[in-house]
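Subject: Structure for you to look at

Hello,

Here is the structure I promised to pass on. Please open it first, then read my notes below.

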Amino acid sequence: MSKERRNLLLNIMGILVLFVILYLFNEYGTDYQIRILNNMAVFITLAVSYNLVNGICGILHLGPNAFITIGAYTSALLTMSAAEKQMTYIIVPLVWPLNVLHTPFVVSLLLGGLMAAVFAFAISFPVFRVRGDYLAIVTLGFGEVIRVLANALQGVTNGPLGLKGLVPYTNLWWSWGVAVLTIIAITKLINSSYGRAMKSIREDEIAARAMGIDPFKHLLMAFLISAFFCGVAGGLLAHLITTISPTLFTFFLTFNLLIIIVVGGLGSTTGAVIGAALFAWGGEALRIVERPTDLGFLKIPGIPGMRMVIFSIILMLVIIFARRGIMGRSEFSWDWLLSKLGWKEKGF
Amino acid sequence: MTGTILFQQLINGISLGSLYGLVAIGYTMVYGILRLINFAHGDLLMFAAYTAIYLIGIFTLPWQISFPLAMVITGLMGIVLDRCAYRPLRDAPRISLLISAIGASFLLENLAIVIIGGIPKGFPRPPMFDHVITILGVRVQVLTLYTPVITIVLLLGLLYIVYRTKVGKAMRAASKDFEATRLMGINLDRVIAITFFLGSFLAAAGGIMWAMKYPQVNPFMGVFPGLKAFIAAVLGGIGNIVGAVIGGFLLGLGEIMIVAFFPEVSQYKDAFAFVILILVLLFRPTGIMGEPMIDKT
């Protein structure tokens with residue numbers, strides 16, 4: 001059996017095991033556990049696609065929250081029924097044709113992703129004219145502009161009131177299915193010639209150009225793909241929490257994603273997955289510090305906001321003292337795992 | 001629109017613009033030397049406002065002492081920020097430095113929430129700034145008039161330091177070439193620390209005046225003024241101190257005038273600055289007064 005076939009088989013088995021575990025949680029887990037697992041999957045999708053731009057292409061893009069917003073609103077508007085929309089938009093009625101459009105969940109997710117990619121394409125020209133800090137601030141500005149628009153365009157987004165009572169379509173199968181598809185698609189991309197071109201732009205843009213690589217084309221490709229998956233994840237998120245409003249998608253969301261990929265290791269998809277899983281789990285575990293604790297002899301009052309202080313400190317410590325994060329730029333591979341387990345390589 | 005209203009808006013715009021300008025100076029100085037957007041710079045506004053509140057409230061100092069003292073403390077805070085968040089990363093890739101800056105900004109905001117709480121606090125405005133006087137038929141709060149004056153005075157002081165003293169010469173040298181500056185026997189870390197002090201000192205002046213203008217001090221009060229001040233710095237030509245103040249004036253006037261002339265777009269006010277930023281970067285990336293930046297690696 002060749003190495004490729006073996007790895008493919010192991011991958012398929014890994015995914016099967018994952019879905020068996022999910023099935024068990026779905027049947028026997030508590031609502032709380034299922035919720036954390038759903039969050040985890042959405043964060044994995046977001047982190048892996050965010051890492052494609054920030055880690056693989058090496059540009060600091062600070063606007064994924066804009067694409068998540070666009071995806072969430074698009075998808076939510078498409079799954080709401082016409083009657084619900086009429087009830088929700090009490091101040092300004094929803095514009096035609098959004099008020100009559102209605103699509104199945106999966107179509108709405110895809111269209112949410114596409115819509116995010118369309119917006120990404122629209123801003124890509126000013127964005128990729130600049131690099132470094134300027135690119136960071138332009139994308140951050142785009143995130144703010146989208147938030148301002150979501151607040152102001154009441155005929156489309158219902159303004160600050162947001163959309164309520166969405167059908168909770170997102171379950172473990174949807175969220176993890178999308179997460180697995182995202183990981184496969186982005187890993188395939190990174191290991192293709194396009195991915196190598198993106199990495200070469202990260203290392204030295206002038207040298208990459210000299211080798212005949214068009215930076216704009218490759219950065220645009222990464223940006224659009226990342227935006228697409230962020231949009232899909234936004235749709236999942238909307239149908240997971242069932243209530244969306246502009247305040248949900250601030251820069252804060254981007255900051256969380258940044259922590260995830262920095263702690264996981266900028267430039268490593270495996271790292272992004274580990275970071276996202278740790279974040280979804282750790283974020284819940286750390287709720288302890290915000291709740292009053294009673295140790296019997298000692299009462300510790302909860303400190304609201306303490307979690308974010310801890311997250312900020314973790315981010316700074318990692319970036320200053322352990323810049324490689326958990327995985328650095330390495331990826332998980334079966335070869336590595338098997339050699340660790342003492343598997344002897346047979347000739348073939 | 002009548003002449004008086006236009007005059008009124010003009011004064012408001014200049015006042016707001018001078019605040020943007022004061023904060024923009026700090027961005028432009030740090031960017032000139034380190035090529036870093038100091039994301040935490042805006043949060044120093046908040047730091048200064050709270051420091052002033054506590055100096056007045058707890059230590060019951062008169063404002064004449066507590067405001068300058070708060071500015072000095074904020075300046076020192078700027079040095080601490082550089083020492084903890086930026087100096088360890090001098091030789092790191094730029095992306096790390098920027099991430100550290102974002103982390104520092106969130107840390108300051110959330111520490112403020114934990115220590116002080118998220119509920120807005122009122123700012124004790126000294127009665128001296130409270131008067132309302134009438135010029136050419138327009139009623140103006142004197143604070144609105146003091147703000148540009150204070151800005152210009154501080155700007156002149158800063159220009160003196162940068163262009164007439166040895167430290168200033170070292171700063172200008174550092175913004176051109178790190179290695180050559182080091183070879184001239186200049187202690188680069190000290191020069192950078194002084195840059196941070198001066199920038200933060202001026203940001204504190206901006207923060208205190210901001211808090212007097214909008215007396216609701218909360219942990220996130222510095223975020224938007226900070227972002228807009230950075231855009232003002234880009235508009236004026238990053239690295240150029242006078243340009244930063246001019247950019248600030250233009251941005252402040254633009255924001256006020258847009259709302260005055262087209263009230264129906266007032267909801268989009270916060271997006272205006274970013275549109276300006278994109279236009280500047282598209283058509284004149286060096287800004288109004290800037291020269292092309294040398295890429296430091």
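Let's start where the chains meet. Across the interface of chain B and chain A, 2 residue pairs are in polar contact, both at pLDDT 80 or more. (A polar contact is a pair of N or O atoms within 3.5 Å; within protein, one must be able to donate a hydrogen and the other to accept it, and residues adjacent in sequence count only if both atoms are side-chain atoms.) On chain B, the helices α3 (63-86), α4 (94-115), α9 (223-236) and α11 (269-283) each supply at least two residues of the side that touches chain A. (Helices are DSSP runs of H or I, at least four residues, numbered from the N terminus.) The largest share of that side, 15 residues, comes from α4(B).

A word on the source. This is a predicted model: local features need pLDDT of at least 70, side-chain atom pairs count only at pLDDT 80 or more, and totals for chains, interfaces and linings use all residues. Residues are numbered from 1 along each chain as its sequence is written, chains are lettered from A and ligands numbered from 1 in the order in which they are written, and side-chain values use heavy atoms, with hydrogens and water left out.

Back to the interface. The area buried between chain B and chain A is about 3500 Å², and carbon and sulfur atoms give 81% of it. (Buried area is the accessible area, with a 1.4 Å probe, that two parts lose on being put together, summed over both.) The rule finds 1 salt bridge across this interface. B:Arg94 pairs there with A:Asp133, with the closest N and O atoms 3.8 Å apart. (A salt bridge is a side-chain nitrogen of Lys or Arg within 4 Å of a carboxyl oxygen of Asp or Glu.)

B:Asp82, B:Arg87, B:Arg90 and B:Asp189 are linked in a network of them. Within it, B:Asp189 meets B:Arg87 at 3.9 Å, N to O. B:Asp189 lies in helix α8 (residues 188-213) and B:Arg87 in the loop between α3 and α4 of chain B, so the pair ties together parts that are 102 residues apart in sequence. B:Arg90 also bridges to B:Asp189, at 3.4 Å, N to O.

Best wishes
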